[in-house]
Amino acid sequence: MTFPPAGESGMSADERESARQPSQLANPIIAALEPAVMPRPEGERRLELRHISKAFGGVHVLKDVSMDLGSSEVIGLLGDNGAGKSTLIKIITGVHRPDAGEILFGGRRVEGLTVQKARGLGVETVYQERALADQLPLWRNIFMGRAVGGPLGFLKVGDMRRMTAKLMSESMGFTSAVLTPNTVVKGLSGGERQGLAIVRALHFQADIIILDEPTMGLSLRETEKLLQFVEGIRTAGKSAIFIDHNIFHVYSVADRIVVLDRGRVAGQFPTSRYSLDELLSIMREVATGGAFTEQERYRPAAGLPGAATGASEDHA
Amino acid sequence: MNPGVATKRSPRPRSALTAFTTSWASQIGITVAFLALWLSFIVLAPNTFLSDRIYLAFAQTVPYSVAIVALFLTMVIIAGDIDLSFPSEMALGMVGFVFTWQATGSVELGVLAALGVGALAGLFNGLVVTYIGIPALVATIGSWYLFRGLTLVLVNGKSYALVATSTAPSYDLLVGKLGGVIPMEFVWLLILAVVAWFLLNRHRLGQNAYVIGDNRLAAGLMGIPIRRTRIALFVLTGMAAALAGVMTSLQIVNFYPTMGDGFQLPTLAAVFVGGTSVFGGRGTIYGTVIGAFMIGGIQAGIVAVGLTDYYTNMIYGAVILAAVSVHALLQRRFE
């Protein structure tokens, strides 16, 4: 047996039981070519990535990554620094173009994806506070990149201010009288900034919400609120990809955890079938794999327990 | 859903009055500095500064020597770039004017040609900065030399008398007097200031310029057309420079190929005195207009006060440093 979690179908109850045994865990890197795709009816596929590769200046950041996202599904995307999480996200959001592979939205292939196109297809991203403009007022941040205006490009500033005020009181929980749509972002607390970034993504009827390290810099209470909010995404029938370093946060809200390792999908793990402890040991193993020297990294089959022969050739 | 409730309060103004002061700190600061300078001139040279003659003179010279270019340069700097090549764009635009005017005899076509050449020069700057990726400071030092050299080569270093243009109707429209009193340069400045204000505050171009200057990474992530916006701002600045070049030349009914070079530092100073941040993301049209009249008024003020011209640079320096210090201190105090 190679890696247990790739695909639910065809797995007996016994096999599922044995997959729960940590000793049975194969080396995740062996499964690196497995796609993170779930069998599901066509109508429920919101987003599919097929064989995506991307290199920057000769460095292969993503190698043949396949992944899908269903409706009402929350995926937790885990992986070390440099695993390719951010690049994968930027490909979905249209910031980067993949070198190879295709992207499908609702089963339809989309060519030449740009940020504007992706937004039009219902993708919104919470980039944390990195994507806020500090010196600009709240309303300009809310409508960044999608300002409301007439055909000649003139803005409907009054409309945008009113909508911002409404969002502030109804969705962000900003009640302080000194916070107005004209307040500049600079003075906001970490939680308020996060609220702003999330509301910005939500306001525009997104179907796919991508949260890039959303718990970074949040207090415990703010984190709790955020996780509740992610639950709300699923309840509303929308989908989310939740990227985080912290497996504890991800595990509590995700339906499925996809682990990236050095540009490949190292495996996918439905949280209904994997305990947090099992996932922790899997993550440890992925991390241990990364502890080898650079040359050994790509042929980790040698000397690792549970290694299946044959797969190593793909990494040589 | 209510994800963003703050648990700890960051320091921020407590009353509506301080909130107002915070959002307008920069404009209030520049206005106070302007009034202080003006009052000191009135006190020191009451005869000059209590008569209307000096203000009519300012209204004529400040627009073409500083203010009109400064309006659009402000937007370039807000977007995080800079353009040092505008003095050469003024002259190069005038080459377009002179050649077209000589060929067709039409001042109007000459003005259009100058604007076209200015737009092309700005486009060149924009393309070099965004597609080759040279920092604007460096690229426009290069294009400043390039456009100046091109001007000198095209006209063979000659100057041109433009006396014959003064009979054209558009001559009066550009550099005449409204009602026989108010210089048209000033009228154009007001019109262009309103246009620039709308572009910056009520148009996508300005919204995008602010975001690009504040956080270029965010601008990219949020799908803002970064290159297109930056190029458009360089084009606008090139056109403004060409218009200022036409006004300068028609005013003195002469075109000389080294025109404009004395305007470079005063124009940049006006933008920074007006509170525009050299790091981008911050700046106002109001501040730039006030800054332009401060910078443009200093020299005449110094002469009127009775100091020799040798003091000019010293006082320029003191005023510039004082004004930008006010902005820096206000920013620290309120943010």
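In the predicted model, helix 4 of chain B is mostly covered, with 14 of its 19 residues buried. The helix comprises residues 86–104 and reaches 27 Å from its first C-alpha to its last, close to the 27 Å expected at 1.5 Å a residue. Gly105(B) follows helix 4 of chain B and has a positive phi, near 75°.

Elsewhere in chain B, helix 3 (residues 52–78) packs against helix 8 at an angle of about 10°, the axes being 9 Å apart. Because angles under 35 degrees count as roughly parallel, helix 3 of chain B is roughly parallel to helix 8 of chain B. On the helix 3 side the contact involves residues including Ala59(B), Gln60(B), Pro63(B), Tyr64(B), Leu71(B) and Ile78(B). Helix 8 contributes, among others, Glu185(B), Phe186(B), Leu189(B), Ala193(B) and Leu200(B).

Glu185(B) lies in helix 8, which covers residues 184–201 of chain B. Glu185(B) is buried yet forms no salt bridge; Lys177(B), the nearest side chain of opposite charge, is 6.2 Å away. Beyond four places in sequence, Glu185(B) touches residues including Ala59(B), Gln60(B), Pro63(B) and Tyr64(B), as well as Leu174(B), Val175(B), Gly176(B), Met247(B) and Gln251(B).

In chain A, helix 6 (residues 190–202) and helix 7 (residues 220–235) pack at an angle of about 10°, with axes 11 Å apart. Helices 6 and 7 of chain A are therefore roughly parallel to each other. Gly191(A), Gln194(A), Ile198(A) and Leu202(A) of helix 6 meet Glu222(A), Leu226(A) and Phe229(A) of helix 7.

Notes. Residues numbered from 1 in each chain as written. Chains lettered and ligands numbered in written order. Predicted model: local features only at pLDDT ≥ 70, side-chain atom pairs only at ≥ 80, totals over all residues. Heavy atoms only, no water. Helix = DSSP H or I, 4+ residues; strand = E, 2+ residues; numbered from the N terminus. Buried < 20%, exposed > 50% of the residue type's maximum accessible area, 1.4 Å probe, protein only. Lys, Arg positive; Asp, Glu negative; His and termini not counted. Salt bridge = Lys/Arg side-chain N within 4 Å of Asp/Glu carboxyl O. Contact = heavy atoms within 4.5 Å. Expected span 1.5 Å × (residues − 1). Axes fitted to C-alpha atoms, helices over the stretch in contact; angles between N-to-C directions. Parallel < 35°, antiparallel > 145°, perpendicular 65-115°, else oblique.
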